[in-house]
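Dear colleague,

I am passing on the structure below, followed by some notes on how a few of its parts pack together. Please read the notes with the model open beside you.

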Amino acid sequence: LKDATFPKTAINRIKKQILISLQQEAQTPRAIAAKIFYQALYGLHPYASPILGTTTNIKQISQEKLLKFYHRHYVAKNGVIAIVGNVTKAKAMNIAEQLSGALAQGKASIPVNAPLSPHLKSHIIKVLYPSKQTTIFLGQIGIAIKDPDYFPLVVGNQILGGGILTSKLFNEVRNKRGLCYGINSGFKPLQAAGPFLIVLQTRCDQAAKALSLTEQTLKNFLVKGPTSQNLQEAKRALVGSFPLSITSNEGILAATEKIGFYQLPLNYLDTYQQNINSVNLGQIKQAFQRIKPKKMIV
């Protein structure tokens, strides 16, 4: 709201809560690996920054800084309002106008620039941690949400590592050899290019072998591509699970918010299943040539 004050007592309480969360993250191998991975992948780009910030950042936040940030960014020009429920279009528009009217008009924020990968070849970072398990992140810069290869990559990744119990990575690394407790891959399309990422956990004495097999499975997929059977199974899984994601108001709200925030076509939900079903083997293989095994951050 225009007259938001952010009392210092409330600010200090939230800062303490975040600092406790950061302490917990510092003792969680997956969180440690994720932060190091994003920093190495994005360098000086905003996506390198941890979502919760850092201990130093949080301690430096003051009421003055918070208010300045709030008045610059929490404005109507930056607003996306999604409403789901038993309301008419006229009523929804009235609610939206009331909400946006409570904010200053302001100026829209500048879109995030496309990131540039700082690495021209594979970059391996090892962090010692007193654990019986090794957590491994490997990946590189992927795609933005509006990338023309979005659907071929979504379908292809379902085959590579998105299917929890059916993917090639799970079958090769977990099912056949028992080298990990779980493994998955995925693209995280954002306003600018998000990461392509493979994540697994394994016993420390099996880490090198598990990583090598993961890299080899990825290379084989890039060379050979999926089979027709792989493609049909992936499409059935994605198309079949899609309706479940919008069976509740909360699910519909999240989908609508995504359309508004990323300025996707208004018929995005109507055409989603069609776009999945239209993907062919050639499109998947061509799209995945963007992944360069020799330029992975591990």
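Helix α6 (residues 150–162) and helix α11 (residues 268–277) pack at an angle of about 60°, with their axes 10 Å apart; axes here are lines fitted to C-alpha atoms, for helices over the stretch in contact, and angles run from 0 to 180 degrees between N-to-C directions. Helices are DSSP runs of H or I with at least four residues, numbered from the N terminus. The contact (heavy atoms within 4.5 Å) is made by Y150, F151, V154 and V155 of α6 together with Y268, Y272, N275 and I276 of α11.

This is a predicted model, in which local features need pLDDT of at least 70 and side-chain atom pairs count only at pLDDT 80 or more, whereas totals for chains, interfaces and linings use all residues. Residues are numbered from 1 along each chain as its sequence is written, and side-chain values use heavy atoms, with hydrogens and water left out.

Within α11, Y268, T271, Y272 and I276 are buried, meaning under 20% relative accessible area, with exposed being over 50% and partly exposed in between (1.4 Å probe, protein chains only). These four cover an arc of only 145° around the axis, so they lie on the same side of α11, the arc being that of the directions from the helix axis to the C-beta atoms. On the other side of α11, D270 and Q274 are exposed. The buried residues of α11 pack against α6, α9 (228–241) and α10 (249–262).

Elsewhere, T217 is found in helix α8 (residues 207–224) and counts as buried because its relative accessibility is 7%. Leaving aside residues up to four places away in sequence, T217 touches K168, L169 and E172.

Note on methods:
Helix = DSSP H or I, 4+ residues; strand = E, 2+ residues; numbered from the N terminus.
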